[in-house]
Amino acid sequence: MSTQTVQIILVGGAVQGLVLAFLLATRKANQLANRLLATLILLISLQSVLVAFDTRDFFLTFPHLSKVSWLLPMLFAPLIYLFTVKLTHERPRLRGLDAIHFTPAVLVFFNLLPYYLKSREEKIAYLNDFELASKDDFGFIGQLALAMVIFYVILSLGVLKRYRARIMEAFSELEKIRLQWLRQFLFFMLLIVAVATVSFYAKKWDIPVLTEIYRYHLHYFGVITLIYWIGYKTLSQPRIFTSAPPVFSETVAILPEPVPAPVLQTHQEIAIDAVPSGLGPKYQKSALKEEDGQLYLEQLLSFMETEKPYLQPTLTIQELAEKLGVSKHHLSQIINNRLGKNFYDFINHYRVAEAQLMLVDPKFKHFTNLAVAEEAGFNSKATFNAVFKKQTGKTPSEYIKTHAEGRLNLAD
């Protein structure tokens, strides 16, 4: 690949990055996260131009741009992390402690400041010492930048893992908010940084073949592609959280006086062995009494059986708590401790049971599996198939076939 081709690709990517950054910065949904991502894309666009013209002649012509490309990557890692944190937070805002993630970049800046303050002539004299300049290019700062990206990408994956656990406690439908694309982005970023690390040290230690990756900055093509991809994905991402009451709040609300309700037996397929269990660390300070907890459990199971709120595809724990007239925190405690489930699994347990009844009912034999899924409260066929297989060990089609074979055996 020629140098000119590399320059065209990287500069073209930089121009697209400017457009994408503008769209992100002016979008109202997920505003803080989008602005952090816009900043990241702007910096990467600038870096892509510097990488495109990473030649001795270019920096001798524009010596004040030399070593700028050392500093910019120090900002990439914390911006990726903060973007992930703010996108997955219910009430995102910048905090003073967020600045601590930029400490390495600040230290590197002050380390490079004496060089940045040098005159044009002094910088040209330094750049003319090709051996010294090349050696410095592969020094501690470059190694630190690579290590930071790896560290912060791993931290970001941890944030996503905790986010998934939280939304499963609050939402019954995750298709639009599980951020699977962000997880894919972070894993691909890890792969690209691994390639960049290998090529960096190959160039540093002059290992043949692998040095070509660094020479043409092939790994950087991957970084640019991924950054723009995540930008487009973010633009298409609906607002995850609304102005509704806090979904993940741990505040203990005061419950109304419980009203006795009959204990209703559920379908055989929805038989839930509700046994009181010890409080986990999350509920150690809960004010819910044992007897009230049992009563609320009975009310919950009765309400699920008679009102079938699970048929609402976007049902949240906040909405269910309001329908029952109980605290969201206490409802979560009942589902977690007494039923041994999170909210997502609890609601989808009922949906699967509803679907099982419909799949074998001759009245619904003209329904497609997708129609059954929608009638049972699922929002997508993919989620329906995955949850159904997890709970029954069979796909919906296999379940129908097994049930039909069972009836034939009984007839024989």
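The areas come from the Shrake-Rupley method with a 1.4 Å probe, and for residues only the protein chains shown count as cover. Leu23 sits in helix 1, residues 3-25 (helices, H or I, are DSSP runs of at least four residues, and strands, E, of at least two, numbered from the N terminus). With 39% relative accessibility, Leu23 counts as partly exposed; buried means under 20% relative accessible area, exposed means over 50%, and partly exposed is in between, using a 1.4 Å probe and protein chains only. An α-helix has 3.6 residues a turn, so residues three or four places apart point the same way.

A word on the ground rules: residues are numbered from 1 along each chain as its sequence is written, and side-chain values use heavy atoms, with hydrogens and water left out. Since the model is predicted, local features need pLDDT of at least 70 and side-chain atom pairs count only at pLDDT 80 or more, while totals for chains, interfaces and linings use all residues.

Stepping back to the whole protein, the secondary structure comes to 19 helices and zero strands. Of its 412 residues, 46% count as buried. The protein exposes about 21500 Å², and carbon and sulfur atoms supply 61% of that. Taking contacts (heavy atoms within 4.5 Å) between residues at least 6 apart in sequence, 78% join residues at least 24 apart.

Salt bridges come next, each one a side-chain nitrogen of Lys or Arg within 4 Å of a carboxyl oxygen of Asp or Glu. The structure holds six of them. One joins the side chains of Lys86 and Asp98, at 3.0 Å from N to O. Lys86 belongs to helix 5 (residues 73-87) and Asp98 to the loop between helix 5 and helix 6 (103-116), so the pair ties together parts that are 12 residues apart in sequence. Lys86 is buried at 5% relative accessibility, and Asp98 is buried too, with a relative accessible area of 6%. Arg95 also comes into the picture, linked with Lys86 and Asp98 in a network of salt bridges.

Another salt bridge brings together the side chains of Glu290 and Arg338, at 3.1 Å from N to O. This pair links distant parts of the chain, with Glu290 in helix 13 and Arg338 in helix 15, 48 residues apart. Glu290 is partly exposed, its relative accessible area being 48%, whereas Arg338 counts as buried at 8% relative accessibility. The side chains of Glu354 and Lys308 also meet in a salt bridge, at 3.4 Å from N to O. Here again distant parts of the chain are linked: Glu354 is in helix 16 and Lys308 in the loop between helix 13 and helix 14, 46 residues apart. Glu354 counts as buried at 12% relative accessibility, while Lys308, at 28%, counts as partly exposed.

Helix 15 is followed by Gly340, which has a positive phi, near 65°.

Then there is Lys123, found in helix 7 (residues 120-128). Lys123 is buried yet has no salt bridge, and the nearest side chain of opposite charge, Glu122, is 8.3 Å away. (Lys and Arg count as positive and Asp and Glu as negative; His and the chain ends are not counted.) What Lys123 does have is a polar contact of 2.9 Å between its side chain and that of His64. Such a contact is a pair of N or O atoms within 3.5 Å; within protein, one must be able to donate a hydrogen and the other to accept it, and residues adjacent in sequence count only if both atoms are side-chain atoms. Leaving aside neighbours within four places in sequence, Lys123 is in contact with Pro63, His64, Ser66, Tyr115, Tyr116 and Lys118.
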